Amino acid sequence: MSHRTAILMPGQGSQFVGMGWDLAEKYPQVRRLYERADETLGLALSEICWDGPEERLRRTENAQPAILTHSYAVWSVLPAEVRASVVVAAGHSLGEFSAYLAADSLDFEDALRVVRRRGELMAGSGDERPGGMAAIMGLDPVAVEELCASVEEGTVVPSNFNAPGQIVISGDAAAVERAQDLASEAGSRAIPLNVSGAFHSPLMDVAREGLGEALRNVEIRDPRFPVVANASAEPVTDSNAARDYLVAQLTSPVRWVDGVRAMMEYEPDRWLEVGPGRVLAGLLRRIDRTQRAEAVGDPTAVAALQAENSNTSGES
């Protein structure tokens with residue numbers, strides 16, 4: 001039986017100390033990939049991924065290339081038949097770069113340099129204009145947008161439409177704090193997030209020029225399969241559109257719910273979360289209870305896919 005596969009690539013927050021070590025132990029090509037990453041960045045990224053400490057790995061400029069490398073390492077050892085079956089992909093925030101990498105739009109070294117630079121720019125934006133983020137649970141998108149618009153203490157906007165009843169807001173620290181109070185008064189639960197800046201909000205505008213320059217300096221090819229953009233929730237098949245949306249993503253909300261629904265238009269019968277963690281698998285279930293994603297991030301999960309593929313190819 002041939003599949004129509006949709007792949008989901010995780011974003012920042014999915015990193016953990018030890019990530020990728022088991023893959024590098026089992027697959028020589030993965031170890032070589034980490035060696036290439038270390039050489040490309042002039043940084044012992046493999047050591048940061050495998051040994052930490054957690055505080056160092058969590059830093060935005062380290063977490064982003066770490067997650068991209070792990071996701072691409074998993075992708076590189078998936079059975080060729082699985083990779084050939086992909087009909088659509090999406091990545092959450094940083095994961096959108098991983099999706100384009102899997103779609104052959106970017107070379108690994110170029111993608112690595114760009115996301116490292118993206119992390120540096122985002123960290124710098126947080127230093128220049130400090131902000132915060134919080135998850136608002138239980139309110140619909142219109143209610144959250146109205147709540148943010150009513151705040152007078154500064155800028156705060158919806159930044160991640162992750163799942164029904166789970167929307168992240170982002171903005172000036174005082175404005176985010178006030179929005180949390182208003183959400184609580186409205187009967188919602190507000191959870192402050194441990195982040196270094198107001199990601200996917202106008203506060204990231206100072207990073208746009210630098211990211212745009214970094215992307216202009218690398219070759220971007222038309223993706224081999226459509227990649228649904230965070231900023232528009234539309235499938236992208238053109239390299240110029242990919243470049244534009246990756247820059248726009250910095251200051252635009254992640255329209256994950258709409259993006260996943262756009263992926264469903266391709267009628268996938270298999271969903272794979274490729275990389276560390278299983279956050280996106282959980283969000284998929286909340287968006288549509290009839291869909292289920294398989295998290296593929298370690299040798300055991302890869303081996304299961306290999307066995308499944310072997311059994312399928314042996315059927316007459």
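Residues are numbered from 1 along each chain as its sequence is written, and side-chain values rest on heavy atoms, with hydrogens and water left out. Because the model is predicted, local features require pLDDT of at least 70 and side-chain atom pairs count only at pLDDT 80 or more, whereas totals for chains, interfaces and linings use all residues.

The secondary structure of the chain comprises 15 helices and 10 strands; these are DSSP runs (helices H or I of at least four residues, strands E of at least two), numbered from the N terminus. For 316 residues, a compact globule would have a radius of gyration near 20 Å, and the 19 Å of the chain agrees with this; the radius is taken over C-alpha atoms, and the globule rule is 2.2 Å times the number of residues to the power 0.38. The C-alpha trace spans about 65 × 45 × 35 Å along its principal axes. Of the 316 residues, 57% are buried, a class defined by under 20% relative accessible area, with exposed set at over 50% and partly exposed in between (1.4 Å probe, protein chains only). With contact defined as heavy atoms within 4.5 Å, residues 24 or more positions apart provide 75% of the contacts that have a separation of 6 or more.

The chain carries 29 positive and 46 negative side chains, and the centres of the two sets are 3 Å apart. Lys and Arg count as positive and Asp and Glu as negative, without His and the chain ends; each charge is placed at NZ of Lys, CZ of Arg, CG of Asp or CD of Glu.

An open sheet of 6 strands has the order E8-E7-E2-E1-E9-E10 and mixed pairing, two strands being paired if DSSP finds at least two bridges between them. Strands E8 (235-236) and E10 (293-296) stand at the edges with a single partner strand each, so one side of each lacks a neighbour in the sheet. Strands E1 (residues 5-9) and E9 (residues 270-274) run parallel and are joined by 4 bridges, with Ile-7 opposite Leu-272 in E9.

Strand E3 (residues 131-137) is largely enclosed by the rest of the structure, because 7 of its 7 residues are buried. Gly-131, Met-133, Ala-135 and Met-137 cover one side, and Gly-132, Ala-134 and Ile-136 the other. E3 pairs in the antiparallel sense with strand E5 (residues 166-172) over 7 bridges, where Asp-172 is the bridge partner of Gly-131. A further 4 bridges join E3 to strand E6 (residues 189-192), also antiparallel, and Ile-136 stands opposite Ala-190 there.

Among the helices, H7 (residues 95-102) is mostly covered, with 8 of its 8 residues buried; Asp-104, which follows H7, has a positive phi near 65°. In helix H13 (residues 256-264), the buried residues include Trp-256, Val-257 and Met-263. The buried residues of H13 pack against E1, E2, E4, E7, E9 and helix H14 (279-287). Gln-64, located in helix H5 (residues 60-77), is buried with a relative accessible area of 0%. Beyond its neighbours within four places in sequence, Gln-64 contacts Gln-12, Leu-94, Val-115, Arg-118, Gly-119 and Met-122.
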